[in-house]
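Here is a short tour of one protein model, written to be read with the structure open beside you.

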Amino acid sequence: TAGCALAGAAQNKDSFTPMALDSGFGPMDLTPPSAAPEQIVKEFAAKESEFQQALNHYTYRRTAKVQTVDDDTNKVDGEYYEVDDVIFDPSGARMEKVVFAPENTLTRVMMTPSDLQDIQRGYPFVLTAEVIGQYDVKYVGRQKVDEIECYVFDVSPKIIEKKKRYLLGRIWVDKADLQIVVTNGRMVPDDTRKGSEDLHPPFMTWRAQVDGHFWFPVYTKGEGELHFAGGSGYLGEDVHIRDTIKYSDYKRFG
């Protein structure tokens, strides 16, 4: 009866601890940037808007996998798996076509509308000039991701409106291209009401240059414990969730 998602216990909307980073992340340089952080934010938001407009003209394949893991055996004991092609219908409107969807074997949690919304729009996060006003954006420093020099910013929603999803986390912005290359955070808000919890995990999304110009989402990974308090007479349960999403076969349409 509880909602699914992919994360730890519910947290305050202003509280976020970055996931442990790979060896591909260099030390953080905390010295102030040569340009004002506000100007950098304005410029990368404009570039993200350009990217969003470009992405709207691409087809691609999304492969989503959500698994529950038995912590005693470290084996998967339930799985949601779906392959979708994000394409255009004959009129040119954006649509999603299910390519492969075996039986959902999740039993300890169930997929909720917010889970599907996160998979479709939250994890491939784009911070455009049109939406950046909804966020507090704080400059953290500079850091290398592999060999890419990046500006690092913490982002959190200013106000959470009903039925809307927001990123609470950290972004790495390519210093040269002024586009997001890594997103690390959680989609909020969580529903923490007993018996109807809808909880969400930390995740990380990586982008890569697909067309030599823009950075496209290619891989998302999330993992954590969902802490369900349970309803009346229910002792509650901690559920280990593992989440993987791949984005591939980008092709410009028309």
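How many bridges join β5 to strand β6 (residues 166-174)? Six bridges join these two strands, and they run antiparallel.

## Ground rules

This is a predicted model: local features need pLDDT of at least 70, side-chain atom pairs count only at pLDDT 80 or more, and totals for chains, interfaces and linings use all residues. Residues are numbered from 1 along each chain as its sequence is written, and side-chain values use heavy atoms, with hydrogens and water left out.

## Overall layout

The protein has two helices and ten strands, where helices (H or I, at least four residues) and strands (E, at least two) are DSSP runs numbered from the N terminus. Along the sequence they follow the pattern α-β-β-β-α-β-β-β-β-β-β-β.

Of the 254 residues, 47% are buried; buried means under 20% relative accessible area, exposed over 50%, and partly exposed in between, with a 1.4 Å probe and protein chains only. Among contacts (heavy atoms within 4.5 Å) between residues at least 6 apart in sequence, 62% join residues at least 24 apart.

## Strand β5 and its neighbours

On one side of the story is strand β4 (residues 135-145), which pairs with strand β5 (residues 148-157) in the antiparallel sense over ten bridges; two strands pair if DSSP finds at least two bridges between them. R142 stands opposite Y151 of β5, and Q143 has C150 as its bridge partner. The β4 and β5 hairpin has two residues between the strands, and D146 takes a positive phi near 55 degrees there. Turning to β6, you will find R170 opposite D154.

β5 is mostly covered, with seven of its ten residues buried. F153 is found in this strand and counts as buried because its relative accessibility is 0%. Leaving out residues up to four places away in sequence, F153 touches P37, I40, V41, F44, V137, K138, Y139, V140, G169, R170, I171 and V173. F153 and I171 are 18 residues apart in sequence, and 5.4 Å separates them C-alpha to C-alpha.

## Helix α2

Now have a look at helix α2 (residues 113-122), whose buried residues are S114, D115, D118, I119 and G122. Seen down the helix axis, these fall within an arc of 145 degrees, so they line one face of α2; the arc is that of the directions from the helix axis to the C-beta atoms. P113 and R121 are exposed on the other side of α2.

What do the buried residues of α2 pack against? Their partners are β1 (58-70), β7 (180-188), β8 (203-209) and β10 (237-252).

## An enclosed space

A search of the whole structure finds one cavity of 30 Å³ or more. On a 1 Å grid over the protein atoms alone, a cavity is a set of points where a 1.4 Å probe fits but cannot get out, and lining residues have an atom within 4 Å of a point. Grid points are joined across faces, edges and corners, and a volume is the space filled by probe spheres set on the points. The largest cavity holds about 30 Å³ of space, and L55, Y60, P124, P217, Y247 and Y250 line it.

Notes:
1 Å grid on protein atoms, 1.4 Å probe; cavity = no way out; pocket = protein on both sides within 12 Å on 5 of 7 lines; lining within 4 Å.
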